[in-house]
Number of protein chains: 2
Amino acid sequence: MWQCQGVKPPAAPAGAVRQGSLRELNLALVLGRIAAARRPPSRAALAADTGLTRATVSAVVEDLVAGRLVTEAEPTPRAGAGRPARGLMLAGDGPAGLGLEINVDYLAACVVDLAGQVRHHTVHRADLRPVSPADALGRLAELAGRARVDANAQGLTLAGAALGVPGLVDDAGRVRLAPNLGWRDVPVPELLADHPPLTETVDGVPPLVVDNEANLAALGELHAGAAPGSFLHISGEVGIGAGIVLNGALFRGARGWSGEIGHIPVRPDGPPCRCGGRGCLELYAGQEAILSAAGLAGADLPADRASTRLTQLATAEHPAVLRALAEAGTAIGVTVASVVNLLDLDTVVLGGGYAPLTGWLRPPVLAEIERRVLTAAWSPVTVRPATLGATAAAVGAAGSVVRRIIARPGGWLARL
Amino acid sequence: MWQCQGVKPPAAPAGAVRQGSLRELNLALVLGRIAAARRPPSRAALAADTGLTRATVSAVVEDLVAGRLVTEAEPTPRAGAGRPARGLMLAGDGPAGLGLEINVDYLAACVVDLAGQVRHHTVHRADLRPVSPADALGRLAELAGRARVDANAQGLTLAGAALGVPGLVDDAGRVRLAPNLGWRDVPVPELLADHPPLTETVDGVPPLVVDNEANLAALGELHAGAAPGSFLHISGEVGIGAGIVLNGALFRGARGWSGEIGHIPVRPDGPPCRCGGRGCLELYAGQEAILSAAGLAGADLPADRASTRLTQLATAEHPAVLRALAEAGTAIGVTVASVVNLLDLDTVVLGGGYAPLTGWLRPPVLAEIERRVLTAAWSPVTVRPATLGATAAAVGAAGSVVRRIIARPGGWLARL
């Protein structure tokens, strides 16, 4: 994961929020509680919850409301005397996150507001394998520009961006290898520097973070709240990546390159893979392998459409498609059984192009878990589709920006 | 992992240490710093390090010395005026941990003192597959009794025990499944209750913890300090288990059943495994598979001897043994490549019977990593033998008891 630290704004004027100050800590504390609350809490409830005085909470809330981070919910009429207490919730008209994705056969841009709502989402379908990295990033910058115009028109300010790529990203934001895109050592930040800035500069929020798309998709699912604290999220596209969430946090590994499940060998002596190995999962369960096994190779279907088409044909009980999905599901199941034997996870989320196909992939996956996981008899594993499906990486990317603002609101407030 | 909480001792007399009290916290703080220090720290250094006053440190140290948890190092003569400051170190004559292991072809008992020294170690070789669980545990209790007599003769007091078994243990200490022992639903704590208590009762230290032996072996390596904060430790016996250490802590999984690497399929359509799966790693790289491939099946060599014999024959360049080790190394390498693709770990420790064979196993393991790990070009993986080798599980078990006393010394001190 690469983080480009923005140029720091000039020293804040007297009275402004300085990071690390007590005021900054109180702002983050109160905003965090409002973000985590199931129902909009009142100022009194926040005081009781945080241990701050009523006066401090009121002052902090005033700052948060003035900075368009928090808004008052419509009061619900209540019985009894006195003015009804007004609940506080995250604002939908302040800062927002820009989420971007480059995949093998599409580009995506989306905007997520502080309240977690997706306010803009565009997918541009194109086979990016014959396109140079500079051109692909140029098209992405165009998509980002349009997202920014739309966000501004809705009264939102983009306060940072995150970009998901289907490959290995180093600390400098360079894509070391994206085998299915054919990218090797692509300096993404340099190439994007030729384009107008994608977002406003906000202290404490990097203008652009480059990350692996499977990691961002797993974060998207985690933030969506439907998955438990530990799960394996598999993104099935042309390539297959995974995000591993352990105890509520993404596990990135020694260099941030965990989750390369697509290159776990299913058959060690199988056909050669473009990664240099043999018999990798991608050769049996990647999108092109499924299309080819179903006799649909060369149909030239882009990612979303391929998945839609497969779903239609499977629904119509097309025998070759059913067979292809059963074979892919078996290969996924063999690999998932390895992961469960190793990590003892109890939830597997099928994401990306797999999400709509879960009905057909789940039975063979569960059958392999049943056969091969030593603890299967006592430790049932749930296999379910991703809530966000194919949009998870871009939504997760935008959500990761929003999470940074909520964790450190001082930078945003100092900017005003 | 099962923890049998001991019967609480009678209420502590006035002035004794109560858990959770400020005094207990200070005792744990000071003892922890002494345990972690590279050189015996003086009282003054401890005061500077902990932020406690000199007087508080002196009082706390007095309690720790009186309780045989800490001792003064021999003063080193120094130039200059004044009495030389005496360094403080963990005592080697106070409480100790009892570590036990049941494996397929041996039983082991060891005693580790507070300073981490192994003070007693016995291995009893026997094929335990034809023996009933009750009889095997009876023999183990005998071994534990002898360890206790030896520990007492050395002035040590056993303050808790941990037992490693090659299988899945539930929260009640029941062995749900140990495929290679042929155990299923064995209530270890009940069966051991017929024997005299293995250790003294100490508040806060469970008299017996039952855990997976591969987990305990990984903890042993972690405590031995030779491995980095994240690594995969593979215990190669008749069965193959793994302990996964992430950021300095054992990763146990949803139910504590992580690390079942022996049942990761190497060839999904391979021969049936006793676990119910097919083509599991154990069938290619378990001790019996190696002996059989080397033409030594039926030689009836117990675990330690099998490993020694294989090492002798490999050193003498016995062709069938070299071939068998190369094949086993390739199977381990295919599996390790999956783990590294998934978790991005940079260190693999070969433990148990694999430790002395590392010279022959490492090249094929590294070759498979090189071929199959997507990030291999930028992210080198170190493969090295375990420091503790075949004794790791019992030593790790005893060490885990000692760690509990260091983390909460109040229970031990209250007992005196």
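## Interfaces between and within the chains

The contact between the two chains draws on 44 residues from chain A and 44 residues from chain B, where contact means heavy atoms within 4.5 Å. This is a predicted model, in which local features need pLDDT of at least 70 and side-chain atom pairs count only at pLDDT 80 or more, whereas totals for chains, interfaces and linings use all residues. Residues are numbered from 1 along each chain as its sequence is written, chains are lettered from A in the order in which they are written, and side-chain values use heavy atoms, with hydrogens and water left out.

### Chain A against chain B

The same surface serves both copies, since 100% of the contact residues of chain A recur in chain B.

The size of an interface is often given as the accessible area lost when the parts come together. Between chain A and chain B about 4,200 Å² is buried, 62% of it on carbon and sulfur atoms; buried area is the accessible area (1.4 Å probe) that two parts lose on being put together, summed over both. Leu342(A), Leu374(A) and Trp378(A) supply 19% of the area that chain A buries against chain B, more than any other three residues.

Four salt bridges are found across the interface of chain A and chain B, a salt bridge being a side-chain nitrogen of Lys or Arg within 4 Å of a carboxyl oxygen of Asp or Glu. There are also 26 residue pairs in polar contact between the chains, both residues being at pLDDT 80 or more. A polar contact is a pair of N or O atoms within 3.5 Å; within protein, one must be able to donate a hydrogen and the other to accept it, and residues adjacent in sequence count only if both atoms are side-chain atoms.

On the side of chain A that touches chain B, α10(A) gives the largest share, six residues. Helices (H or I, at least four residues) and strands (E, at least two) are DSSP runs, numbered from the N terminus. The residues of this side divide into 20 nonpolar, 12 polar and 12 charged.

### Domain 1 against domain 2 of chain A

Chain A is divided into domain 1 (95–199 + 209–216) and domain 2 (227–386), with bounds from an automatic or database domain assignment. The C-alpha centres of these domains of chain A lie 25 Å apart. In chain A, 18 residues of domain 1 are in contact with 22 residues of domain 2. The area buried between the two domains of chain A is about 1,700 Å², of which carbon and sulfur atoms give 45%. On the side of domain 1, Arg125(A), Asn180(A) and Asn215(A) lose the most area to domain 2, together 34% of what that side buries.

Two salt bridges are found across this domain interface of chain A, together with five residue pairs in polar contact.

### Named salt bridges

| Salt bridge | Closest N and O atoms |
|---|---|
| Arg255(A) with Asp346(B) | 3.8 Å |
| Arg252(A) with Asp211(A) | 2.8 Å |

Note on methods
Ala, Val, Leu, Ile, Met, Phe, Trp, Tyr, Cys and Pro count as nonpolar, Asp, Glu, Lys and Arg as charged, and the others, Gly among them, as polar.
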